[in-house]
Amino acid sequence: MTANATLGAPNQKQASGATRWLRRYALQIGITLVAFAIWIFFVIGSPQTFFSRNIYAAFMSTTPFFGIVALPLTMVVITGEMDLSFPSIMSFGMLVFSTVLFATANPWLAMVACLAAGLAAGFLNGWLITKFLVPSLVITIGTQFFWRGVVQVLTNGTGKSLLMTRDTLFYNIFVGRINGWFPMQMIWMILVALLTWVFLNRHRFGAHVYLVGDNKESARLMGVSVSRTKIMVFAITGMAAALAGMIASLELSYYWPTLGEGYLLNTLSSVFLGGTSVFGGAGTVYGTFVASFIIGAINAGIVAVGLSGFWTQLIYGLIIVISVIVQTVVSKKIS
Amino acid sequence: MTTPALELVNVSKSFGEVKSLHNINFKVEPGEVVGLLGDNGAGKSTLVKVITGYHAPDPGGEIYFGGQKVDHLSMQKARDLGVECVYQEKALADLQSLWRNIFMGRELTTSMGFMDVKKMQAETERLMQEHMGFTSKAVSAETPVKTMSGGERQGIAITRALYFQANIIILDEPTMALSLTETKKVLDFIGGIAKAGKSAIFIDHNIFHVYPVVDRIVVLDRGMIAGEFMKNEVTLEELIERLYTVARTGTYDKSDGAVLKNLEVPA
């Protein structure tokens, strides 16, 4: 199965056009069907909840907290690498944000500093991985502890209220509600998705991301800079983590030093459930986007249909295991 | 007398105590396909790595491209000079589409690095019909290359090299592990290189694959050129006979026709 998502319409003149289209988008069609099936299940289980817009407003307000990271993280996984440090980078970015905010009372400046901190932390990951050739899985376990440690040492474990930002223009741009219900963070997640899609599918950089993950030897022989590509995907993911941390904290008007804890597995499951290959070289923005909402909806949905919250993890487990097995089998069949 | 596309003069390469190449004098004329034969460890890959700028030769060795001496050859410089390698395992990114493989690392862009996808797809479709012999409607520029046969994959890599105006295409065991019909396809592609007026170095240890498509055969043994034969001066049977001699003795017995070099056995 090719990962080169969505490149123009298939050629309808040819008889095999439809089959070819089905093959090319099999994983995307699959994840859409899974999302649809889950939605039907919820609608049948609790029609009054799932026919009102409140539940969707809730999904759209919380899913971006990890979805915004899952999208660029997809690129990291496509290059064949892994990043486990983004939850700590979310918190580290916010540490910088709150420090600058309290020093200058300027949230815009704080935001710039926050994004720069995330970018730098991500860049460091990429640099360590490409310079010393240590597996990213291992390095980012280390930096994950390191940045969390930095935050704990500098905050003594105490949070900071961000009430001063509430209902400001800044607040409304990032976590306000359009027409009183549509969360702005959803707009930001869509923007991040569009940007990621454009870069992955329409820019030379994205082409190199796929090539590096697919066959880094051939990419290198053809003059693609493997190191630069990897450093960039880690840096972008770090910056996205800082943005997601900022949005999550603004929504609560509070910065907890533990920010990001609990997002690790949600985010990774979104990437893998979305059809991105752990071996690299394949993955789509669309898949991760839809999968984020599947992951984001299950918790609330389960409670809404009348099961206890204890079912959440069991159902996560089933959906992830079954979907990933089906994806693998389908991918093999297609080739 | 034409200027050789590539010429190595007195090139040696040592790794610490081990001397992998001894005073190699080697050239490739424009439009010539040279077969480089030799056993494992004969120095074929070291020689290729010198030509592609991966290894620097020992001091004293000289490398000329189109008659111009090139010092400090780097991989980038070699690429810029039109040297392109086709490795069986390293040539293509399997999961990616045909057009992404053709334009790998050399994507056509409009501005600010954004790709001209339509143009790359159209060029790929054209190359597929004109050079790669893909006529099936089931294959398009979007088809991932892992669905293609070994011969077709080599063809893609060779077509890619020609499309980007490579002057010297190095084929490292391009027929390894291929079936007879697939090997035939690859050999046809190699024939196409000479037709396009470009040079090729065809590395293999299978004389039966090399012989039909090359103009000249260079035999490498233990880091030295043990023999050099113009194809029209030697039959396949004679060549095989001589290769046996080389394998046994490290030199080739001084009878007729062939050019002899470096007869001393390394210590």
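Which residues in α11(A) meet Val226(A), Thr229(A), Lys230(A), Met232(A) and Val233(A) in α13(A)? In this predicted model, local features need pLDDT of at least 70 and side-chain atom pairs count only at pLDDT 80 or more, while totals for chains, interfaces and linings use all residues. Residues are numbered from 1 along each chain as its sequence is written, and chains are lettered from A and ligands numbered from 1 in the order in which they are written.

The residues of α11(A) that meet those of α13(A) are Phe205(A), His208(A), Val209(A) and Val212(A); two residues are in contact if their C-beta atoms, placed from the backbone, lie within 7 Å. By class, this contact has six nonpolar, two polar and one charged residues (Ala, Val, Leu, Ile, Met, Phe, Trp, Tyr, Cys and Pro count as nonpolar, Asp, Glu, Lys and Arg as charged, and the others, Gly among them, as polar). Helix α11 (residues 204-214) and helix α13 (residues 226-252) of chain A pack at an angle of about 105°, and their axes are 10 Å apart. α11(A) is therefore roughly perpendicular to α13(A), a term for angles of 65 to 115 degrees. Axes are lines fitted to C-alpha atoms, for helices over the stretch in contact, and angles run from 0 to 180 degrees between N-to-C directions. Helices (H or I, at least four residues) and strands (E, at least two) are DSSP runs, numbered from the N terminus.

Between the chains, 27 residues of chain A are in contact with 25 residues of chain B. Helix α11(A) gives the largest share of the chain A side, six residues. That side comprises 12 nonpolar, 10 polar and five charged residues.

In chain B, helix α4 (residues 117-132) has as its buried residues Val117(B), Met120(B), Gln121(B), Thr124(B), Leu127(B), Met128(B) and Met132(B). Because they cover an arc of only 125° around the axis, they lie on the same side of α4(B); the arc is that of the directions from the helix axis to the C-beta atoms. Lys118(B), Arg126(B), Gln129(B) and Glu130(B) are exposed on the other side of α4(B). A residue is buried if 20 or more other C-beta atoms lie within 10 Å of its own, and exposed if 12 or fewer do. The cover of the buried residues includes α10 (184-202) of chain A, as well as α3 (98-102) and α5 (150-163) of chain B. Just after α4(B), Gly133(B) has a positive phi of about 70°.

Chain A has 16 helices and four strands. Of its 335 residues, 48% count as buried.

Methods. Parallel < 35°, antiparallel > 145°, perpendicular 65-115°, else oblique.
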